[in-house]
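Open the model in your viewer and keep the sequence panel beside it. We will go from stop to stop, selecting a few residues each time.

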Amino acid sequence: MTRRFWTIFLSGLLLTVLTPAIRAEETNNCLTCHQQIEEEDGPAHKFPRDIHYQKGIFCVDCHGGDASLDDMDAVRKVKGYRGAPSHLEVPEFCARCHSDATYMRNHNPSLPTDQLEKYKTSIHGKRLFGEKDTKVANCISCHSVHEIGDAKMPYSSTYPMNIPGTCGKCHADSSYMAPYNIPTDQLDKYTRSVHGKALLVKKDLGAPACNSCHGNHGAAPPGVASLSAVCGNCHALQADLFNASPHEKAFAANNYPMCETCHSNHLIEHPTDSLVGTKPPALCANCHSDDDGTKGFAVAEGSLASIEELVQHRAVADSLLLDAHDKGMMTTDEEFKLREVDQDLIETRTLVHSLDLTKLQPKAQEGLAKADTVKVRSAGLIDEYYYRRKGLGLATLFITIAAIGLYLKIRKLR
């Protein structure tokens, strides 16, 4: 039974691997002919890297015709021949398969089948179908044509690290985008942002790219009211704090973009404590003053004061702890306690989004108490080090005197 199982299993595996190659070799005159007449970087030479080819889907499955024929005129006369679709026809051309749940279940059941419907709701789709605008992106603009790769493959145009460049092909081209009167510096700003550096420099594939905020097939610019929801997909705690804060209603009343007002959109920089408070480059002073009739100015000053106090206490504790560690003292407990201080500092900074000192200051006080504990313990370890050193010195002196006395005694006896 076991031998029979493994025979069937290995035969099936071999058949799965070889079927695309066998089918291509037997029937794909389309590929053979086009590889002969095209340059080395032509579509036919790229196609073996395409996910469709790897899944056993070949030329005739998309373009129709008969791959066993070697005369192009004869191929065109075959019923079902579709050839290359126009720019306007591409979405529905691809959707013949990708919107067919039954068909997709046999090839990749994990893929959604609502891409076309989402695309129709996007800015791209509305302009393509509604205004017949052939400059807007369709399926092949983002996925390429005959070299469509799985998004997990580094060569794919939809691989996370490649997405900014994929979108930037159009959106960073000022001449191409001129008719739309929208900025073309998004890619440049993104690459300099904390998100761009995380993705493109640190190669963190979980970092947000264009589609993380704008969507994929239903791509659209986030609205003013939806920004906190968009950012909240990743920054959930900050979004919850903001939505419960006085800023939420004030921003909505004044039609201010939520997160973007303070953090910008594409050029999001790593936030620092200097952004809080009432002195430049603090952002709070852009809207608040000490006589504006709100608590904003006082909250900004109080928030910064609490954060700076915790930072200072943490620095002193860290300095003493490092000194104790360098002196060879056992500092494991103090190191764990300092990590708790770091967590309290992170939470205190996060609570800035609440605009509520009754929430921020107690958390800062928790951190201060722990930092002071580390400071006292570390100072105690340093004192213990010197006490031990002094005791060792005295013991060494006593032993030395005793040894000299013993030596003199022995010499006298001799």
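A salt bridge here is a side-chain nitrogen of Lys or Arg within 4 Å of a carboxyl oxygen of Asp or Glu. Select Asp188 and Arg192 to see one: their closest N and O atoms lie 3.1 Å apart. Both residues sit in helix α14 (residues 186-192), and because they are four residues apart, about one helical turn separates them. Asp188 is partly exposed, at 43% relative accessibility. Arg192 is partly exposed too, with a relative accessible area of 43%.

Before going further, colour by confidence. This is a predicted model. Mean pLDDT for the chain is 90, and 93% of the residues reach 70 or more. Now select residues 17-25. Here pLDDT stays under 50, and the model has 12 contacts beyond four places in sequence for this stretch.

How many salt bridges does the structure hold? The count is 20. Select Asp185 and Lys189 next. They form a salt bridge, with 3.3 Å between the closest N and O atoms. Asp185 is partly exposed, at a relative accessible area of 32%. Lys189 is also partly exposed, at 28%.

Move to Lys363 and Asp344. Their salt bridge has its closest N and O atoms 3.7 Å apart. This pair links distant parts of the chain: Lys363 belongs to helix α23 and Asp344 to helix α22 (residues 332-350), 19 residues apart. Are these two buried or exposed? Lys363 and Asp344 are both buried.

Show the surface and select Ile404, Tyr407 and Leu408. They make a nonpolar surface patch of about 320 Å². Tyr407 lies in helix α23, which covers residues 357-413.

Now pick Thr331. Thr331 is in the loop between α21 (296-326) and α22. Its relative accessible area is 2%, so Thr331 is buried. What does Thr331 touch, leaving aside residues up to four places away in sequence? The contacts are Leu321, Ala324, His325 and Leu381.

**Cysteines**

Show the cysteine side chains. A search of the whole structure finds zero disulfides. Cys97 is in none; its nearest cysteine sulfur, that of Cys62, is 6.2 Å away. Cys262 is in none either, with the sulfur of Cys284 as the nearest, 7.1 Å away. Cys262 is partly exposed, at a relative accessible area of 37%.

**Backbone stops**

Most residues other than glycine have a negative phi, and most peptide bonds are trans.

Select Pro280 and Pro281. The peptide bond from Pro280 to Pro281 is cis, with omega near 5°. Pro281 is in the loop between α20 (258-263) and α21.

Jump to Lys132. Its phi is near 55°, a positive value in a residue other than glycine. Lys132 lies in the loop between α10 (123-131) and α11 (139-143). Lys132 is exposed, at 52% relative accessibility.

Finish at Asn181. Asn181 is in the loop between α13 (174-177) and α14. At 73% relative accessibility, Asn181 is exposed.

Terms used: Residues are numbered from 1 along each chain as its sequence is written. This is a predicted model: local features need pLDDT of at least 70, side-chain atom pairs count only at pLDDT 80 or more; totals for chains, interfaces and linings use all residues. Side-chain values use heavy atoms; hydrogens and water are left out. Patches are made of residues with over 30% relative accessible area and no salt bridge: like charges are joined within 9 Å, nonpolar side chains (Val, Leu, Ile, Met, Phe, Trp, Tyr) within 5 Å. Accessible areas come from the Shrake-Rupley method with a 1.4 Å probe; for residues, only the protein chains shown count as cover. Helices (H or I, at least four residues) and strands (E, at least two) are DSSP runs, numbered from the N terminus. Buried means under 20% relative accessible area, exposed over 50%, partly exposed in between (1.4 Å probe, protein chains only). pLDDT is the predictor's confidence in each residue, from 0 to 100. Contact means heavy atoms within 4.5 Å. A disulfide is a pair of cysteine sulfur atoms within 2.5 Å.
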